[in-house]
Amino acid sequence: MTSAVSFQKVSRHFGSVRAVDAVDLDIAPGEFFAMLGPSGSGKTTCLRLIAGFEQPTSGSISIFGERAEGVPPYRRNVNTVFQDYALFPHLNVLDNVAYGLMVKRVGKAERHKAAEEALSLVRLPGYGARRPGQLSGGQRQRVALARALVNQPKVLLLDEPLGALDLKLRENMQEELKSLQKALGITFVFVTHDQGEALSMADRVAVFNDGRIMQIGTPEDIYQRPSTRFVADFVGSSNVLPPDFVQRYSGQRRWGSLRPESIRVGRAASGEGVAARLVGTNYLGATTRLALDADGLRLHAIVPAGTKLPAEGEAVVLTFNRESLHLMDEAV
Amino acid sequence: MRSDGSQPAPLGLKIAAACGLLFLHLPILLIFVYAFTTEEKSFVWPPPGLTTQWFAVTWNRPDVWEALSLSVRVAAISTAIALVLGTLCAAAVSRTKFFGREAISLLVILPIALPGIITGIALRSAFSLADIPFSFWTIVLGHATFCVVVVYNNAVARFRRTSGSMIEASMDLGADGFQTFRHVVLPNIATALLAGGMLAFALSFDEVIVTTFTAGQQQTVPIWMLEELIRPRQRPVTNVVAMVVVLVTLLPILFAYYLTRDGDQIAGSGK
């Protein structure tokens, strides 16, 4: 099967900065794909390479089997929802949405009809006559989405689509984007630095760091079985365990990761386990996060709210199931 | 300060403000009055009588028409050149990063910061060095140097206020470079260009110093006026022309002022 987007050894260097460094990537048609990473990790440059705003320094990119290098953005069947939405302030909402059809010389009646339909799709029917300046942030984003979707792209790119929205709106939009993607069957590629967003929306996630992909996998893979210390730490703040520590519990000298929610905290002298001292607690609502010191190794545990907690400074014993200790591929 | 606007200003301040405004504008009114005087050799106050005959006299003087036509043509061509070059330069400076960008933006503004006499002498010696005879185009060249600045300043300010990703969005939606310029860039900078163009036109229309050095024997309106002041006869003709010049330059400037004010509101509401 042809990939929706395929990167082969793609690099993009800006002077001496390797923004994207020999990235291999295959995104399947109809997939909801997330590029996750801290700022400056190359994820946005990858998105711009797909959109055509950047050209690769080396390597090759194909979109649905067609070579994409040298093809300008306006000849690609790919549309982008920009981080700042980039709506045209001099056009009303309807003309904004119809813009892509207008430059393709679709007749006025036809393109306005298509634009109205796209606006209904993003649940903004009847907003066509307004100016972008009269809309809220959430509404502007829906307009940006409608403006991209009206062109029936094969791939929709979303650059930090929910970054500027407040929490409640963000959660609503997450669900809506997901159901929209299912209904339309379009390949969605979105860039985010928010691991929760990536895990909750995407079918697969690529974790970026320093212009390279550290790991590609399903959200569960990434979360439960991180392959490197960076992924373990960046996605869900896992406890990264040094090889010496891991050797004691698994017999193998490898870096390990242990999810904070799989650590059980018990009273000292309650049996076998890792001796530690409680150094701090963070109340998070549904859960409480405990900072622990196990003989110089800083660990975090998350326990459900309402659990009886030891006092700060008290000695505790930590236990966990062997299977929740994940051994990482990264070389020691 | 605006919140206590209900409190009236002290009388002394009001009188001072009135005096300042009168000082600025009374001489202009005098010019208008002298256009109707019956005394033709010198300006006497109060005018001994009022007449409209100078309008007819002016209408029938070919030298007035020549000067006016030259000025209008020079201003129009200089403005057109400035619109193209100024916009391109503003786009380059605000859209891209390149070595020497700051230096270029300073160099573009320099002609208006330098005294006109420097620009004038420099151009004149350059023309004579290159053996270029004075012509319509030497005047246009001289005027374009400062007209570009006005357009550039207006365009650069507008470019800074418009989001850069708008151009990318347009490309992304299938518009090529020309379509993007026509449907996105131009509508967003149009009012700034119109305002800049009108200011450039007005500047060119009453420019004396650079013109003196680059015109040779040709007479634009301001130069014709200076010459006319030396001649003892038909003095009010100058005043009639002055009235026309005031109207020709004032109306576009007022219009430009309203346009840019309007433009600010549009740009502000888009944020």
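Predicted model: local features only at pLDDT ≥ 70, side-chain atom pairs only at ≥ 80, totals over all residues.
**Chain B: overall build**

- Chain B has 11 helices and 0 strands, so its pattern along the sequence, by the DSSP runs used here, reads α-α-α-α-α-α-α-α-α-α-α.
- If you trace the C-alpha atoms of chain B along the principal axes, they span about 70 × 65 × 30 Å.
- Chain B is 271 residues long, and 33% of them count as buried.

- The average pLDDT of chain B is 83, and 93% of its residues score at least 70.
- Among the elements of chain B, helix 7 of chain B has the highest confidence, with a mean of 91.
- Helix 11 of chain B is at the other end, where confidence is lowest, with a mean of 70.
- Please read residues 263–271 of chain B with care: pLDDT stays under 50 there, and the model gives this stretch 10 contacts beyond four places in sequence.

**Where chain B meets chain A**

- On this interface, 20 residues of chain B are in contact with 21 residues of chain A.
- Three elements of chain B each give two or more residues to the side that touches chain A: helix 7 (165–172), helix 8 (177–205) and helix 11 (236–269).
- Helix 7 of chain B provides the largest share of that side, with 6 residues.
- By residue type, the side of chain B that touches chain A has 9 nonpolar, 8 polar and 3 charged residues.

- Three strands of chain A form an open sheet in the order 11-12-18, with antiparallel pairing.
- Strand 11 (239–241) and strand 18 (325–327) of chain A are the edge strands, each pairing on one side only.
- On average, and ignoring direction, neighbouring strands of this sheet are turned by 30 degrees against each other.
- Helix 9 (residues 243–250) of chain A packs on the sheet and touches strand 11, strand 12 and strand 18 of chain A.
- The direction of helix 9 of chain A makes about 115 degrees with that of strand 18 of chain A.
- Within the sheet, strand 12 (residues 256–258) and strand 18 of chain A pair in the antiparallel sense over 3 bridges.
- For a pair to find on screen, look for A:Leu258, which stands opposite A:Leu325 in strand 18 of chain A.

- Strand 1 (residues 5–14) and strand 4 (residues 58–63) of chain A are antiparallel partners, joined over 5 bridges.
- A:Phe7 has A:Ile61, in strand 4 of chain A, as its bridge partner.
- Strand 4 of chain A also pairs with strand 5 (residues 66–67) of chain A, again in the antiparallel sense, over 2 bridges.
- In that pairing, A:Ile63 has A:Glu66 of strand 5 of chain A as its bridge partner.
- The hairpin of strand 4 and strand 5 of chain A has 2 residues between the strands, and A:Phe64 takes a positive phi near 50 degrees in this hairpin.

How values were computed. Residues numbered from 1 in each chain as written. Chains lettered and ligands numbered in written order. Pairing = 2+ DSSP bridges. Helix = DSSP H or I, 4+ residues; strand = E, 2+ residues; numbered from the N terminus. Axes fitted to C-alpha atoms, helices over the stretch in contact; angles between N-to-C directions. Contact = placed C-beta atoms within 7 Å. Nonpolar A, V, L, I, M, F, W, Y, C, P; charged D, E, K, R; others polar. pLDDT = per-residue confidence, 0-100. Buried ≥ 20, exposed ≤ 12 C-beta atoms within 10 Å, placed from the backbone.
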